Amino acid sequence: MATASKQTTPITMEFDIAEDRSCELEDYTVSFVTIRQDFDLAPMLASLPNGMCQCPHWGVLTKGSMTVRYADHEEVIEAGAAFYMAPGHTPSVTAGTEFIQFSPTDLLAETEAAIARGMQAAAG
């Protein structure tokens, strides 16, 4: 059985706004995410189809809150809730939010590439 924990998973991305500790479990990436600043990912996802993340995510929000916008509605996820984000979403998170998320590795790679492009564009 493959396992991962926040304590044993290496930091794969570290920014002023967040820390992401991720590893692969079979065809999925598990991410332990800590948000340091309020942040809306919509501008970072602009290069994806319809400007929205196309990767599904499953997880548990352990602290804080997250708002997930879809084309026709939005959902607020609070601490203690398990969640599923269907393709076609843009999340925004509040400082202090922590969650564990599972995503198909191949689709997540496309999203992370778009986020990296968005962050480079924002940095000038």
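Me: How many cavities of 30 Å³ or more does a search of the whole structure find?

Reply: This is a predicted model, where local features need pLDDT of at least 70 and side-chain atom pairs count only at pLDDT 80 or more, while totals for chains, interfaces and linings use all residues. Residues are numbered from 1 along each chain as its sequence is written, and side-chain values use heavy atoms, with hydrogens and water left out. A cavity is a set of points, on a 1 Å grid over the protein atoms alone, where a 1.4 Å probe fits but cannot get out. With the whole structure searched, the number of cavities of 30 Å³ or more is two.

Me: How much space lies in the largest cavity?

Reply: Rolling a probe the size of a water molecule over the atoms shows where empty space is left. The grid points are joined across faces, edges and corners, and a volume is the space filled by probe spheres set on the points. For the largest cavity, that comes to about 480 Å³.

Me: Which element gives the most to the lining of the largest cavity?

Reply: Lining residues are those with an atom within 4 Å of a cavity point, and the largest cavity has 27 of them, with Asp-20, Val-33, Leu-41, Phe-99 and Ile-115 nearest its centre. Helices (H or I, at least four residues) and strands (E, at least two) are DSSP runs numbered from the N terminus. At least two lining residues come from each of β2, β3, β9 (90-93), β10 and α1. With five residues, the element that gives the most is α1.

Me: By class, how many residues in the lining of the largest cavity are nonpolar?

Reply: Here Ala, Val, Leu, Ile, Met, Phe, Trp, Tyr, Cys and Pro count as nonpolar, Asp, Glu, Lys and Arg as charged, and the others, Gly among them, as polar. The lining of the largest cavity has five polar and three charged residues, and its nonpolar residues number 19.

Me: And how many charged residues are in the lining of the second largest cavity?

Reply: The second largest cavity holds about 40 Å³ of space. Around it are Leu-48, Gln-54, Cys-55, Leu-107, Glu-110 and Thr-111. Three of these are nonpolar and two are polar, and the number of charged ones is one.

Me: How many bridges join β2 to β3?

Reply: These antiparallel strands cover residues 18-25 and 28-35, and they form a hairpin with two residues between them, where Glu-26 in the turn has a positive phi of about 60°. Glu-19 has Thr-34 as its bridge partner, and Cys-23 has Val-30. The number of bridges joining β2 to β3 is eight.

Me: How many of the eight residues of β2 are buried?

Reply: Buried means under 20% relative accessible area, exposed over 50%, and partly exposed in between (1.4 Å probe, protein chains only). Strand β2 is largely enclosed by the rest of the structure, because the number of its eight residues that are buried is six.

Me: Is Ala-121 buried or exposed?

Reply: Ala-121 has its place in helix α1. Its relative accessibility is 60%, so Ala-121 counts as exposed.

Me: How far apart are the C-alpha atoms of Ala-81 and Val-60?

Reply: Ala-81 lies in the loop between β7 (74-78) and β8. Leaving aside its neighbours within four places in sequence, Ala-81 is in contact (heavy atoms within 4.5 Å) with Gly-59, Val-60 and Leu-61. Although Ala-81 and Val-60 are 21 residues apart along the chain, their C-alpha atoms are separated by 5.7 Å.

Terms used:
Pairing = 2+ DSSP bridges. 1 Å grid on protein atoms, 1.4 Å probe; cavity = no way out; pocket = protein on both sides within 12 Å on 5 of 7 lines; lining within 4 Å.
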